[in-house]
Structures are given as C-alpha cells and as structure tokens.
Amino acid sequence: MPDRINVVIPLFNDWLAVGLLLERIRSVVDEPLRNRLAFLIVDDCSAINYETLPAGIGKSLSILRLFRNVGHQKAIALGLAYLADQTDQYPTIVMDSDGEDRPEDIVHLVQRGLDKPGHVVFAHRAKRHESLTFRVFYTIYKSVFQLLTGKVITFGNFSLIPASQLRKLAHVSEIWNNYPGGVIRSRLPYTAVPLERGRRLAGESKMNFVSLVLHGLSAVSVLIDTTAVRLALFCVMMVAASIVGISILLYLKFFTNTSIPGWTSYLIFSFLIVILQAFLISLLLVFIVLSYRIQPQFIPARQFNDFVERVERVY
C-alpha cells in the first residue's frame, strides 16, 4: 500500500455536495487508507465559493483554482496534469464531487490496483439508480460507441491511475476531450471492477439532454480516425449495394418481363444519388482525418499552467 494516494475531484458550484462527500469518506473509509488520501479539488471557476469544508480528513486538502470554466472532462485533465508535474508521483483516484462515486468503493479500486500493477482501474457500473429514460439513452450511447469505434465502454470517470502511468496519461491529448476515451486511445493497460453507482448527496445534476449528447460525441471524437474508417467502410458497402441494385434493375428490365414501367429509371436515379452521397461523405471523412492528424494537439502536461489561477492549501 503506497503511503499517499491523490484524489482528484472536479467541481463546479457543488461545494455542499463535496463537503458531504468528505464527511462520508471520514465515516466509511478505514483510517489506515483514509490517512493516505490527499485531496485535490479542481474548482472549475465556480460562481460561488465554499463557506466551510470539513477538516482533518486524509493527509491534505488543496483547491486548484482555474481562470475559466472549461467543463468536467477538461478539469480532470488539468488536475491530472498538475499532479504529474509534481516531483513525486503517487497513485491517483479520479472521482466526482456529487457522491455518485461511492467513497466506500475506493478500497475496491485500490485493491484491484494492487492486484493489477500498472493498470488503470475503472469502476464498471454494475448497478445504476438513474431514471429509465437515462438508462435507455445510456444503453443507446454504448451501442453507438461500439458500432462507431469498435470499442466497448462501460465505465465513467471513477478510476485509479497507478503512479507509473500518471505522467504518461498527462501527455495524452485525448483526455482533454474525454478522460475514459483518452485512456482507451492511449493504449495504456486498463481493467475494470464492477461497482454500484451511488446517489447524489446534494443539489441537482447539471447534466441535461444536450450535455449528455455532447459528452457522447466527445467520447466518439477521441477515436475519430477509427470512426472515420468504419464510416468510410459503411459508405463503400452502400456503394456496393447500390451497384448491385442497379444491376438487378437493368437485368429485370432488359432480360425479363417482370419490370414495372416507370420504376426502373426512378430507382436507378435513387441508387445513383446514394452512390454520390456515399462518395461525398467518404471525401469529407478523409479531409477530417487529415486535418485531425496535422493540427497541433493540446497536451495537458505542457499547457495546464495557462489555466491555473492559483493553488490553495486548506490543510
């Protein structure tokens, strides 16, 4: 067991929830492990400030203040980059501030990390408490993600990063858009442990339908080159199916008596439109991938200082 474990908690205005989260960590995490935890709250330029925070929980508590609001995923990337810039490296846990990442599960992440050294350990959501609508759309999201990228994603941000992989992960530009997708893209070894998702401790979730869609798109964008190739292959299949359809129509028209007058030219014209659209989509995807490969990437480990206003040591 390492003598220190960093805990990165991105936050935007959820000071009440994070206070309750810290109190819950005090009550449910055993003292030997709790005394090793060093908390880093990444304040995503909150409009309000905390009144009081619980003291004496863990090894230390610091607040990383950002100049501007960058969003949940980017706040995580900046917190990881800040810790990776420190002289000494320690295992790092990423968890949300609202309590849905249950403090009692920290021990399970740490234990799996000891069993799988060098692996990023994610919490696989074996049981969720969201509404039926959310679960349906989340299932659709996972299916679309697998269809577009060929990867299966069943986890979120709640995870443990081994000390040996922290600096490597901070140099992965894709965590700037989506932290779990960035880990997948980095090809660093990772594993998952099935854990139940908790309930929000205070306040209301700031995620709406638009935010959820954008979150899904950001996850897919991390693997944009793979997605583009799979979409291009789908376009090739559309072209091949259209050519087969045109061939069948011409065969029916000129070699049989089963063609319906007036429909052959209409259907051939429709298939030609499909072929043209598939060609244009493929051309667009090629330019998107080329643009993605030549444009400079944001490396959190190199540029995180541009967003950091100050670091406050609470205790």
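Helices are DSSP runs of H or I, at least four residues long, numbered from the N terminus. By that rule, S270 sits in helix α10. The model discussed here is predicted. Its chain splits into domain 1 (5–207 + 299–313) and domain 2 (223–294).

**Domains and their interface**

- Domain 1 is made of two stretches, 5–207 and 299–313, while domain 2 covers 223–294. Contact between them involves 10 residues of domain 1 and 7 residues of domain 2.
- The centres of domain 1 and domain 2 lie 44 Å apart, taken over C-alpha atoms.
- About 670 Å² is buried between domain 1 and domain 2. Carbon and sulfur atoms give 55% of that area.
- Three residues lead on the domain 1 side: L148, T149 and R185. Together they supply 69% of the area that domain 1 buries against domain 2, more than any other three residues.

**Helix α10**

- Helix α10 spans residues 263–294, and L280 is part of it.
- S270 also belongs to helix α10. Its relative accessibility is 25%, so S270 counts as partly exposed.
- S270 and I246 are 24 residues apart in sequence. In space, their C-alpha atoms are 9.6 Å apart.
- L280 has a relative accessible area of 48%, so it is partly exposed.
- L280 is one of the residues in a nonpolar surface patch. The patch consists of L276, F279, L280, L283, V286, F287 and L290. Together these residues have about 690 Å² of accessible area.

**Salt bridges**

- Side chains of opposite charge can pair when their charged atoms come close.
- The structure holds 9 salt bridges.

*E104 and R24*

- The side chains of E104 and R24 form a salt bridge, at 3.0 Å from N to O.
- E104 is in the loop between β4 (92–94) and α4 (106–115), and R24 is in helix α1 (residues 15–28), so the pair ties together parts that are 80 residues apart in sequence.
- E104 is partly exposed, with a relative accessible area of 22%. R24 is partly exposed too, with a value of 34%.

*D43 and R65*

- A salt bridge joins the side chains of D43 and R65, with an N to O distance of 2.7 Å.
- The pair links distant parts of the chain, 22 residues apart. D43 is in strand β2 (residues 37–43), and R65 is in strand β3 (residues 60–66).
- D43 and R65 are both buried.
- D43 and R65 also belong to a network of salt bridges that includes E309, R310 and E312.

*E100 and R197*

- The side chains of E100 and R197 meet in a salt bridge of 2.4 Å, N to O.
- This pair again links distant parts of the chain, 97 residues apart. E100 is in the loop between β4 and α4. R197 is in the loop between β7 (190–196) and α8 (209–222).
- E100 is buried, and R197 is buried as well.

Methods
Residues are numbered from 1 along each chain as its sequence is written. This is a predicted model: local features need pLDDT of at least 70, side-chain atom pairs count only at pLDDT 80 or more; totals for chains, interfaces and linings use all residues. Side-chain values use heavy atoms; hydrogens and water are left out. Patches are made of residues with over 30% relative accessible area and no salt bridge: like charges are joined within 9 Å, nonpolar side chains (Val, Leu, Ile, Met, Phe, Trp, Tyr) within 5 Å. Accessible areas come from the Shrake-Rupley method with a 1.4 Å probe; for residues, only the protein chains shown count as cover. A salt bridge is a side-chain nitrogen of Lys or Arg within 4 Å of a carboxyl oxygen of Asp or Glu. Helices (H or I, at least four residues) and strands (E, at least two) are DSSP runs, numbered from the N terminus. Buried means under 20% relative accessible area, exposed over 50%, partly exposed in between (1.4 Å probe, protein chains only). Domain bounds come from an automatic or database domain assignment. Contact means heavy atoms within 4.5 Å. Buried area is the accessible area (1.4 Å probe) that two parts lose on being put together, summed over both.
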